[in-house]
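I opened my notebook to this model and went through it one stop at a time. Here is what I looked up, in the order I did it.

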Amino acid sequence: MRNVKFWATGVVVLLCMTMMTSCKYRYIEKPDQLLTHEQMVDIICEVAYVEALEARGAFIHDSTLSRIGKKAFLRRIYQKYGVNHEVLSQNNDYYSEHSKEYIAIYREAMNRILVDENEYVEGIKRAEREAQAAAEAAIKAFNDSVTDARVRDSIILAREDSIMSLHRVKDKDA
C-alpha cells in the first residue's frame, strides 16, 4: 500500500510541476518589423559567411580583416537590411515559433551556402585548370623558342662550316 501512495504522490507532484512549467510558455508576437522569408535567408547566409571567416581565424591572421573586425561586418549586414541585433533576434524568435517556416528558412539558407561553396570550389578548380594550361603553354612556347634557337644556331654553324670549308678549298687550290 505504501508503494501505491508513493507512486500516486510522485505522479501528483509530477503533474503539478508540469502544469507550473507549462504555464510559463509565452506566445511570441509578430515583430513590428517582420522580415520576409527571403530577407531572413539572406541575413542568415551573410552572417554565416562572417562566422565562417571568424572560425578560420581571418579576423586574426588577415591584417585588413583584423583592422575592420567582425562587428563592422555585422553592422554592415544590419544596415543593408535596415535592422539591428534586437530586430533580428525578435524575428528569429518569431520564426522559431513557426517551426515549418523556420525550418524552410534554414533549409534554404543551408542549400544556398552549399551551392555557393560548390561554385567557389568549382571556381578554384577552373582557375587551377586555367593556370595549369597557361603554364603548359608557357613551357611549350619556351621549348619551341629554345628549339628554334637551336635550329638557328645549327643553321648558322652549318653556314660557318660551309664557308670555312670553301676557304680551305680555295687555300688548297691557291
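Before counting anything, I noted the cut-off: a residue is buried when its relative accessible area is under 20% and exposed when that area is over 50%, with partly exposed in between. I also reminded myself that this is a predicted model.

**Entry 1: the whole chain.** By that cut-off, buried residues make up 17% of the 174 residues in the protein chain. I looked up the secondary structure next and found seven helices and zero strands. Read from the N terminus, the order is α-α-α-α-α-α-α. The accessible surface comes to about 14,100 Å², and carbon and sulfur atoms account for 60% of it. I then turned to contacts between residues at least 6 apart in sequence, and 71% of these join residues at least 24 apart.

**Entry 2: the core.** Which residues touch the most other members of the largest nonpolar core? My list reads M40, I43, I77 and V83, out of 23 residues in that core. I checked where the members come from: α2 (37–55), α3 (58–61), α5 (70–81), α6 and α7 (99–173) each supply at least two. The largest share is from α2, with seven residues.

I stayed with I43 for a moment. Setting aside neighbours within four places in sequence, I43 is in contact with L35, I77, Y81, V83 and L88.

**Entry 3: D42.** I moved to D42, which is also found in a helix, α2. Is D42 buried or exposed? D42 has 18% relative accessibility, so it counts as buried. Beyond its neighbours within four places in sequence, D42 is in contact with Y81 and R112.

**Entry 4: helix α5.** I looked at the length of α5: it has 12 residues and spans 17 Å from first C-alpha to last, close to the 16 Å expected at 1.5 Å a residue. The buried residues in α5 are L74, I77, Y78 and Y81. They cover an arc of only 95° around the axis, which puts them on the same side of α5. What covers the buried residues of α5 includes α2 and α6.

I took one distance here: the C-alpha atoms of K80 and I43 are separated by 9.3 Å, although the two residues are 37 apart along the chain. Just after α5, I noted G82 with a positive phi of about 65°.

**Entry 5: helix α6.** What caps the N-terminal end of α6? N84 does, with a side-chain oxygen 3.0 Å from the backbone nitrogen of E86. The helix itself covers residues 85–97, which is 13 residues. From first C-alpha to last, α6 reaches 18 Å, close to the 18 Å expected at 1.5 Å a residue.

I listed V87, L88, N91, Y94 and Y95 as the buried residues of α6. Seen down the axis, they fall within an arc of 125°, so they line one face of α6. H85 and E86 lie on the other side of α6 and are exposed.

Y81 turned up in several entries: it is buried in α5, it is in contact with I43, and it is in contact with D42. L88 is another I revisited, being buried in α6 and in contact with I43.

Conventions: Residues numbered from 1 in each chain as written. Predicted model: local features only at pLDDT ≥ 70, side-chain atom pairs only at ≥ 80, totals over all residues. Heavy atoms only, no water. Helix = DSSP H or I, 4+ residues; strand = E, 2+ residues; numbered from the N terminus. Expected span 1.5 Å × (residues − 1). Buried < 20%, exposed > 50% of the residue type's maximum accessible area, 1.4 Å probe, protein only. Arc of directions from axis to C-beta. Polar contact = N/O pair within 3.5 Å; in protein donor to acceptor, adjacent residues only side chain to side chain. Core = buried A, V, L, I, M, F, W, Y, C linked by side-chain atoms within 4.5 Å. Contact = heavy atoms within 4.5 Å. Areas by Shrake-Rupley, 256 points an atom, 1.4 Å probe, with all protein chains shown as cover.
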